[in-house]
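Take a look at the model below. We will go from its surface to its fold, and then to its confidence.

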Amino acid sequence: MDLSADFWNDKYKNNKTGWDLGEVSPPLKAYFDQLENKNLKILIPGGGNSYEAEYLFNNGFKNVFVVDVSKIALANIKKRVPSFPASQLIHANFFDLKESFDLVIEQTFFCAINPELRAKYAAKMHSILKEKGKLVGLLFEAKLNEDHPPFGGNKEEYLTYFSPYFNNVKMESCYNSYHNRQGMELFIRLKK
């Protein structure tokens, strides 16, 4: 299964981005709106066009980072938000990151990686979060594709990945999902 940078660049180049809402996800917007500490160091992995990064940045969160293997996706952010610091748009593989963060936002990245990497994802999240750091976001709770992204799953499966690393794991059915994702998402909050 090819999930290389070329695969993702082709998706953006050919506008085959069905996962892209074109706006900040409503559950994440609601979460962001209650955050008070604008100095949090925030990461959005596999951020794509990252309307979440744009929303946060435009609302005073200046320590927001996006990592993606697609140069096109990162260029799209810079085009929409010219004042977004280029140094905070990281062209790299998430698993190669060395920095640490207060908050990591999950929005369609987990469902886009090869499912064989899910345990590695949980371990990497634990390693890049600062003490008391949080992983917050959305995971699909639905059977989706098996041979290409997005890959689905369920709460029971996800707990097997995260429970070894996080002792404070909350996963709840999302009540305010985007209309075409109603009943298909879990809102997650995991604290290191």
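How much accessible surface does the protein have, and what percentage of it belongs to carbon and sulfur atoms? The accessible surface of this predicted model comes to about 9,300 Å². Carbon and sulfur atoms account for 48% of that area.

Next, the overall dimensions. The C-alpha trace spans about 40 × 40 × 35 Å along its principal axes. The radius of gyration is 15 Å. For 192 residues, a compact globule would have a value near 16 Å, so the protein agrees with that expectation. As for burial, 50% of the 192 residues count as buried, which takes a relative accessible area under 20%.

Now the fold. The protein has six helices and seven strands. Read from the N terminus, the order is α-α-β-α-β-α-β-β-α-β-α-β-β.

Then the charges. The protein carries 25 positive and 23 negative charges. Their mean positions lie 6 Å apart.

Finally, confidence. The mean pLDDT is 90. A value of 70 or more is reached by 93% of the residues. Strand E1 (residues 42-45) has the highest confidence, at a mean of 98. Helix H1 (residues 5-13) has the lowest, at a mean of 68. Where pLDDT is low, the predicted coordinates should not be read in detail.

Terms used: Residues are numbered from 1 along each chain as its sequence is written. This is a predicted model: local features need pLDDT of at least 70, side-chain atom pairs count only at pLDDT 80 or more; totals for chains, interfaces and linings use all residues. Side-chain values use heavy atoms; hydrogens and water are left out. Helices (H or I, at least four residues) and strands (E, at least two) are DSSP runs, numbered from the N terminus. The radius of gyration is taken over C-alpha atoms; the globule rule is 2.2 Å times the number of residues to the power 0.38. Buried means under 20% relative accessible area, exposed over 50%, partly exposed in between (1.4 Å probe, protein chains only). Accessible areas come from the Shrake-Rupley method with a 1.4 Å probe; for residues, only the protein chains shown count as cover. Lys and Arg count as positive and Asp and Glu as negative; His and the chain ends are not counted. The place of a charge is taken as NZ of Lys, CZ of Arg, CG of Asp or CD of Glu. pLDDT is the predictor's confidence in each residue, from 0 to 100.
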